[in-house]
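Me: I would like to learn how to read the packing of a helical chain from its coordinates. Could we go through it feature by feature, with the general idea before each case?

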Amino acid sequence: MANWLLHQGIEVVLVNPVTTHRNKENRDNSPSKNDPKAALTIADVVSRGFYTDYAPQEAIFERIKTTMSDREYWVKLSTSLGNRIIRWVDLYFPEFRQVFPNWTVLRSLASLRAFPLPSDLWNLSADDVIECWRKQGMKRPGGVSGKATAVQLLQAATRSIGETRVLEEARRDLQRLLDAYEQTIRLLGEIQQEVEALLNSIPLAKQLRSMEGLGTITIAALLGCAGDLRYYDHGRQLLLDASSCDVLASTWLSVPPASLRDRSSSPNAETACCENTFS
């Protein structure tokens, strides 16, 4: 919409929605909120200079922003599925996490596929467990460490205190969760490749990669939300556009800094326009 207004010769500016919300009560000393009042408030704050000039970004930055938004959804979904798998293990095989503190490793996933319940291990030997791991696609399931892990898993199964009343339903539940989790991880891998391909077409991304501590996802989150950094005269402008100085820290959790209010096309920004400013 903003780009269409620009093509019509109408100047577009961005107003922080927090500014609009706070000034609604100041206008008539009333807590009432409605759309006509919001329009009047936006016009008022623009007349007083509380706005940001709209600067349309190149298509590549919009593509990065869309891809990172898509990635955020799948990251949240993978976290949710992972939490449900941990809950399942705690209910039906709580000793499993003593053997595999990190349940996402290949050997752990192969175990959950082959013998998720303690009863599945009662009649097996260490060699049988290793053979099952091999059938699950592990290239080196054995060795000293592999056999020691198999023995620990068998011992954990013998002393398990997990739920035993709904075994078949629990087994099907776990298989569905694992299928969904692995599918989500595969999609995240595809998105990672798409992000890398997009960044390879931006010279600025190559400069950012030369800085220690900035990975692919961090750079993509920054460029997707902030847009072309060449529009900023000083680094502090980027911090002023964020609701917190810990913007980049949120990428440590694999979540883009959604709080960053980019100067180009923030979906949360109120818009205002002025007629015939480009004539």
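Reply: Let us begin with contact, which means heavy atoms within 4.5 Å. In this predicted model, local features need pLDDT of at least 70 and side-chain atom pairs count only at pLDDT 80 or more, whereas totals for chains, interfaces and linings use all residues. Residues are numbered from 1 along each chain as its sequence is written, and side-chain values use heavy atoms, with hydrogens and water left out.

Me: With that in hand, which residues is Leu153 in contact with, leaving aside its neighbours within four places in sequence?

Reply: Leu153 is in contact with Phe93, Phe96, Val99, Phe100, Ser111, Phe115, Leu121 and Trp133, once those neighbours are left aside. Over the chain, residues 24 or more positions apart account for 69% of the contacts with a separation of 6 or more.

Me: How many helices and strands are in the chain, and how are they assigned?

Reply: Helices (H or I, at least four residues) and strands (E, at least two) are DSSP runs, numbered from the N terminus. The chain has twelve helices and three strands.

Me: How should I read burial, and what percentage of the 279 residues counts as buried?

Reply: A residue is buried under 20% relative accessible area, exposed over 50% and partly exposed in between, with a 1.4 Å probe and protein chains only. By that criterion 40% of the 279 residues count as buried. Ser108, found in helix α6, is buried with a relative accessible area of 0%, and it touches Phe96, Phe100, Asn102 and Trp103, not counting residues up to four places away in sequence. Ala114, which also has its place in helix α6, counts as partly exposed because its relative accessibility is 30%; with the same exclusion of residues up to four places away, Ala114 touches Cys132 and Gln136.

Me: Which residues of α8 are buried, and how can I tell where they sit around the helix?

Reply: Helix α8 (residues 143-158) has 16 residues and reaches 23 Å from its first C-alpha to its last, close to the 22 Å expected. Its buried residues are Gly146, Thr149, Ala150, Leu153, Leu154, Ala156 and Ala157. Seen down the axis of α8, these buried residues fall within an arc of 160°, so they line one face of the helix. On the other side of α8, Val144, Ser145 and Thr158 are exposed. The cover over the buried residues of α8 includes α5 (96-99), α6 (106-114) and α7 (126-135).

Me: Which residues are buried in α7?

Reply: Ala126, Val129, Ile130 and Trp133 are buried in α7. They cover an arc of only 100° around the axis, which puts them on the same side of α7. The elements that cover the buried residues of α7 include α6 and α8, and just after α7 Gly137 takes a positive phi of about 105°.

Me: What is a nonpolar core, and which residues of the largest one touch the most other members?

Reply: In soluble globular proteins, nonpolar side chains tend to be buried together. A nonpolar core is a set of buried Ala, Val, Leu, Ile, Met, Phe, Trp, Tyr and Cys residues joined through side-chain atoms within 4.5 Å. Of the 31 residues in the largest such core, Ile85, Leu112, Leu121, Trp133 and Leu153 touch the most other members. The elements that give two or more residues to this core are α4 (59-92), α5, α6, α7, α8 and α9 (167-200). Apart from it lies another core, of 21 residues, among them Leu199, Ile219, Ala220 and Tyr232.

Me: How many aromatic pairs does the structure hold, and how is their geometry classed?

Reply: Rings of Phe, Tyr and Trp (its six-membered ring) pair if their centres lie within 6.5 Å; planes under 30 degrees apart count as stacked, over 60 as edge-to-face and the rest as tilted. The structure holds five aromatic pairs. One of them is the tilted pair of Phe96 and Phe100, 5.0 Å centre to centre with 40° between the planes, and both residues are buried. The rings of Trp103 and Tyr181 have their centres 5.0 Å apart and their planes at 50°, so this pair is tilted. It links distant parts of the chain, with Trp103 in the loop between α5 and α6 and Tyr181 in helix α9, 78 residues apart. Phe93, Phe96 and Phe100 form one aromatic cluster.

Notes. The expected span of a helix is 1.5 Å times one less than its number of residues. The arc is that of the directions from the helix axis to the C-beta atoms.
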